[in-house]
Amino acid sequence: MKPLTVIGFLGSTLDASKFGPSRWNKWRPSVGVTMHEDLRVDRFLLIHGSPHSRLAAYVAEDIASVSPETSVELRLLDFTDPWDFEEVYGKLLDFARAEPFDPELEDYLVHITTGTHVAQICLFLLTEARYLPGRLLQTQPERGSINPAGMWNTIDLDLSRYDSIATRFAVASAESASFLKSGIDTRNAAFNRMIDEIERVALRSKAPILLVGPTGAGKSLLARRIYELKKSKHQVAGPFVEVNCATLKGDGAMSALFGHRKGAFTGAVADRPGLLRAADKGMLFLDEIGELGLDEQAMILRAIEDKRFLPVGSDKEAASEFQLIAGTNRDLGEAVAAGAFRDDLYARLNLWTFTLPGLADRREDIEPNLDYELDRFAEREGDRASFNKEARQRYLSFATAPDARWPGNFRDLAASVTRMATLSPKGRIDVECVNAEIARLQRLWSAQTDDGAGVLAEILNTAALAEIDPFDRVQLAETIRICRNSRSLSEAGRTLFAASRTRRSTANDADRLKKYLARFGLDWGSVSQS
């Protein structure tokens, strides 16, 4: 067997006693450790402060008398405030790093019975982190006995040795992941792996989370479930505040987010706390964060990093402690390259980025989500609907087919189920009802085809549209979509010519876009306001 070393604090109260034979009728933890026949201690590193040097020497002498084979090494360690967690942990960490521990040659037990509660917690943490490479030693007096040795037991922090504990951790983790999925038994392997990772990040990190995905992919629902999971674990106490940044335009964006003082501008008849302050101690979900202006982005960045911001019209900063989740259906990397999104904010958000796939990329999850939407309908309307066997097979065959586009993703599916459940005769969805819904979806999707006809028909008459080649229609439609999602002609130009502009010494993207639109008799006003 390897030699055994015990590491522990001198107990300034428990180890103290009057000199004389009567002291052997009292349980003294540090002395008692060395009195067990089944626990041979070869070395004892006894940590003490300067005020207790005499007691430490006294205890060392008693250990020598009951266990001559035990070598006691006194370690002087003074604390300015023994209840200051930061100081105690820091000095014990320095102590652990300075000791020449060698687990290959020695076994170690870390005695956590003596010392202040802060010291005991720090010894536990240092052992868990393997700075102290041993097991925990817990001692206590023997009930109904004057045995000065007391009782002892050890705790090995390697949880892999305890199957039942490891199993409970695995079950708890699986329950959390299921909660994030709203209890839906999803089958897409990549999505399930992503949810498992989100579960670990959500419970172990306070850093911002970025959810990327198309409209209707479930970013808002997932953000709220993350909040509810953290709240159930007592990691947040404040509310969940959701903001659609696409609705924040102009001067009102600053006021809505950061608040304002009375009289800050015309119409500011009272103080407004703002949404960031409303999210204090809770979670802020900024959906479509790519729609924020650069000024708002700068203030959001400071609020994330410093937990402080300046309300409109105020000379005094406000504070709010919140966790941020951001959502976007844009490629923020491209927006940074185009100058439409701050690179420093993107770097802050990009620590934890999760891309939610659309429904068309998770066809195996349509069936469990179908059942989930039926349950939601029953809960919402108080009236349960269900498929007959043939109708269910018909709907799933259509929904999971390769040509089923689902452009609105889960919102499309939810709306589809709601229509069928509402129109079903006596709550029973039959084949006739399903066929009618399939025809409706096909009409809706054909009106949203990617050839640009729908977008162009809004701003061009039939004669003008007929003059444009199909090749040009797709390009023009995409240009119009980007213009509508941009705040200015210059921003739209930067987005459209993001790649080629990097290869030019000078760039006038706005003029280039202006000339392109003019080819079709269009201008910025006609395409951005339609």
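Let me start with strand E4, residues 107–111: 4 of its 5 residues are buried, so the strand is largely enclosed by the rest of the structure. Buried here means under 20% relative accessible area, with exposed over 50% and partly exposed in between, using a 1.4 Å probe and protein chains only. Strands (E, at least two residues) and helices (H or I, at least four) are DSSP runs, numbered from the N terminus.

A word on the source. This is a predicted model, where local features need pLDDT of at least 70 and side-chain atom pairs count only at pLDDT 80 or more, while totals for chains, interfaces and linings use all residues. Residues are numbered from 1 along each chain as its sequence is written, and side-chain values use heavy atoms, leaving out hydrogens and water.

Which strands pair with E4? Pairing requires at least two DSSP bridges between the strands. On the E5 side, Val110 stands opposite Leu136. From E4 the chain crosses through helix H4, residues 117–128, to E5, in a right-handed β-α-β crossover. Right-handed means that, with the strands pointing away from the viewer, the path from the first strand over the helix to the second runs clockwise.

Now Glu291. This residue sits in the loop between strand E9 (283–287) and helix H10 (294–306). Its relative accessibility is 12%, so Glu291 counts as buried.
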